[in-house]
Amino acid sequence: NNKDPAEKYANFYCNVQILVPDRFVVPTMKIHASQNNLTTVRGGPMDEDTQKFGLEFGSNEFIMTGSNMVARIENVSAKHLKYDVDHGSLLATNITFTPFGTFNSIDADIIVTTDIQTTVNFWQKSANLVCLSAATMYLKSDCSNVCDYVPKNESSSASTATVIEEEDFRDFDRFYRRSMNQSHQGRHLLQTDDACTLNVPGCTRTVAGQCEGIDSDQCRCKPTCDMVDPAYLDYGGYSGIAGTCNGEGKCCRTICGGYSAADLHPYPNSVECGLCQNQDNCNPPTCGTWTPGNLEQAWWFTSQRGQISVSVLDIDSDPTALHSYQSSAPSTSVSVTPEFSFASADALDKLFHPGGASAPIEDWFWLRVSGPGAPPRTLGSFAYLRSIRFLVLPDYFLQVVSNNILNPKKAAGSTILRPGYCPPVLKQGDPEMDSRIIDLQQLFSDSLQNFKEKRPFPAGSLIVWLPVQGVPRKFVRDPATNLLAFKIVEQWSGDGPILLLVVILTVLVPVGITTTFIVVVYLAGVTYLKNYRLDKLKEENTILNIYQQAKIQQMNIYDQMEALEIPQAKKDEMRARTSFFYMLNVMTGTAETIKTLTTEALGVALHLFVVGAPILYVNYIATQWETAYKAYFCESRVDQDVCYSAQETVSFSLNMLLLVVSLVVVTELTMFYLTIPYTIIGKGIRATFYIVFFSFVWLAVVIMLMNLTWIYLGLLQKPGEIAPYFLYAVGLMAILAKYFIKLKRFQTRVKYQVQKRLRLYSNKMAVLFPQPVVDLLLANNLDKAIAENGISNAGIVLRCVFLAIVVCVVYFFLTIGFQAFTNPGADRSAAQLNVAIVVLTTLGIIVAIQGDGDKDWAEERTQALSEQVLASMAKVMAVIKEQLSLASRIINENKKRTLGDDSGESSSSSGSGSEEEESEDELPKGGFTKTAD
């Protein structure tokens, strides 16, 4: 990667895996986090396939440096372990023999555990946020608690001037009069009084509905001490150290002059100096070779604002641990109240309350928390939900059934515990973790509803816990103890039986409607196909036996039935010919016609579209399901590559079925194009094709109806956002129905006008020639003439398809505009305006296709097109007359040869010629040319 450093790592992701045998001595390794991009380091027995794995550097070093790095290592040993990073975090557990370690950061939290006695030298400069745990502990602190008055208007400190903002906040009356909306750099803590707008914790009270300030030394101190971010608390020669006001109005800070030291032993009752004891009759931990400050491991920790935690305990014996926090005296328990750092809480508040709203725009807001003792993302995460329904109905289900409309839109915010828990690392399965999760839920709830100002959550919203393994949980208050506890939220039924019933109905109703529809279409199709085959056989029999038709008309009824009976071979041939794709050609008017290369290509494209549409749609649904399913379950997995590469059952099954359907469709299509003989194998393939293909059509229609059903149900949940999509569907159906009815009505009028004029000609021709022959020729050529003028059934369908494409493009541009310039989910006026625009656009299109409603103009247009159709038929009629006249002469010649009556032949020929002339004089005048006459 030799790009410019400014853009070298933009949109760049690199995953490096180093695989080594267990306890193989690894050479010195240095990992450097360049620029500000996050680098993640994992090593050790953290996955199922690496249990008890050890990373052994031996006499070599393991060094991690850089700007932003999150490291998680376990069971590592090295001569020197170094973590020198500005931002991020380090969690190093079960570190085995590592004689020397250096750990430095600006605000990165550092947590290290080991079971080997260790001398720890530490300096946490902001507030001495150091947690030490060991079975035996000897502590020497270099920190002291210093309390001083904050100087007024200290001009030498730019940061103090920024905090004070031209006023002395210790003048409580001035602070009371300030508007809470006015910007300042002070640290706003949680507000607890509904009626008060002041943000000084513990310094307000409500009397008779009025907010009053408590005037005390401590309250005067808080705006310039407790409520100031440590980075801006700069006086007395010290900066970056958090302060707390005491009752005298002084700001107390823990100031460390340098490194403090602690000897941490993994076993209880260890002596401070093992070498000082009599070595004859003792064993560790009562004697040994160590001296104070010179244990087996010597580690140095330095951090500006990050919390430092070190634990030295024997894992096997599991002794009672002693803890020390902020250099306090070692004890079996320490009292630490975890809080969010002001900077992270302020950033989260701005994300969660955009524009001062009570909740985020998104329905699902991840609440990430990091810091000592916080549950890792590999265990689970908190989330704010606008409704419990988003937890009961899985995200991947809503994404598929609503076509990505009803599934919750997600956002995320993160906070940092400062201070965090002590000790931060718990044993696996420790019930204390559940207590911490409940505490953090309360902390999130209080912070998001009371930070700076009181903004309660909307009704029905809640904060839930989503474990990586297991079912989601919400927090409810136990009536027996009045304490918060977990309550499992079952999918599908967790919001009561009504929602479960709705889900079942949204599946059963589309299945029932689709099944009924497919059965009706099947029965209608079978009936239509039988009638078409019969009519086609009669048509071909009539055309091929014009001479026989004349003789048949002179037979008695029984002889006519016998003569008109169609042979079985003809029926079998017709059944073989009229396949699914042949009938598509019939509908488009291209069956058994001479086609150009373009027409042939369009026909092939139509066949592929008809059989490919349901296959591609089901494939799209399968892909959506797989994507949504894996995104839902793999989001918090550490081994996301393994999770995403795993096979998903539903999508895999659908894709296998798609493969089978595609093979059957290709086989049937090949038999149609190559006109392979219709044998028993061909019959089996065609039957399989119909069963498989229409089963997939059934599945595609069911899913489509489910999509429409859930989108319409979404009107009850998100009317402002879903209304345009609902109106799109209704508007498109209304426009197409209006346009189709208009074209169909116009086609009917034109056919009526033309048929009325041709009826006279048909009656005249029937006197001379067989009526079936005349009717057949006129009907076929009438359909062709109408098709040439663009008003056939296929032409109407194509026009409707083209109009549907145009309308969809218009709606698409409207949707893009709505998403770019409006926010209907948060702005009701914008939602109403969007709906009005969609309605007006739809009405405008309907008015445009309807016309002005002038009946005279419509009649004139009908007459004009009728003339065009008649003109198209003129030459065809002339050819028909010539064919019929030739047939008449042939019949008469055969009669002459059969009967031997010359005079009768002459009379017949003469009569025929005179009637032909009379017929020609009475042809319909509209549209026929002189050439035709």
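Is Cys-800 buried or exposed in this structure? The predicted model, in which residues are numbered from 1 along each chain as its sequence is written, gives Cys-800 a relative accessible area of 11%, and this cysteine is therefore buried, where buried means under 20% relative accessible area, exposed over 50% and partly exposed in between, with a 1.4 Å probe and protein chains only. Because the model is predicted, local features need pLDDT of at least 70 and side-chain atom pairs count only at pLDDT 80 or more, whereas totals for chains, interfaces and linings use all residues; side-chain values use heavy atoms, with hydrogens and water left out. Cys-808, with a relative accessible area of 40%, is partly exposed.

A search of the whole structure finds seven disulfides, a disulfide being a pair of cysteine sulfur atoms within 2.5 Å. One of them joins Cys-221 to Cys-245, with an S to S distance of 2.0 Å, and this link is left-handed, with -80 degrees about the S-S bond. Cys-221 belongs to helix H3 (residues 217-221) and Cys-245 to strand S15 (residues 244-245), so that the pair ties together parts that are 24 residues apart in sequence; helices (H or I, at least four residues) and strands (E, at least two) are DSSP runs numbered from the N terminus.

Cys-225 is placed in the loop between H3 and S15, and Cys-251 in strand S16 (residues 251-256), so the pair ties together parts that are 26 residues apart in sequence. Cys-225 counts as buried at 0% relative accessibility, and Cys-251 is buried with a relative accessible area of 0%.

A further disulfide is formed by Cys-273 and Cys-276, whose sulfur atoms are 2.1 Å apart, and its link is right-handed, with 70 degrees about the S-S bond. Cys-273 counts as buried at 10% relative accessibility, whereas Cys-276, with a relative accessible area of 58%, is exposed.

When neighbours within four places in sequence are left aside, Leu-391 is in contact (heavy atoms within 4.5 Å) with Trp-364, Leu-385, Val-464, Leu-466, Pro-472, Val-489 and Gln-491.

On the surface, Val-797, Val-801, Ile-805, Val-809, Phe-812, Phe-813 and Ile-816 form a nonpolar patch with about 660 Å² of accessible area together. Members of such a patch have over 30% relative accessible area and no salt bridge, and nonpolar side chains (Val, Leu, Ile, Met, Phe, Trp, Tyr) are joined within 5 Å; a salt bridge is a side-chain nitrogen of Lys or Arg within 4 Å of a carboxyl oxygen of Asp or Glu. Phe-813 has its place in helix H19 (residues 793-821), and at 59% relative accessibility Phe-813 counts as exposed.

Technical notes: Patches are made of residues with over 30% relative accessible area and no salt bridge: like charges are joined within 9 Å, nonpolar side chains (Val, Leu, Ile, Met, Phe, Trp, Tyr) within 5 Å. Accessible areas come from the Shrake-Rupley method with a 1.4 Å probe; for residues, only the protein chains shown count as cover.
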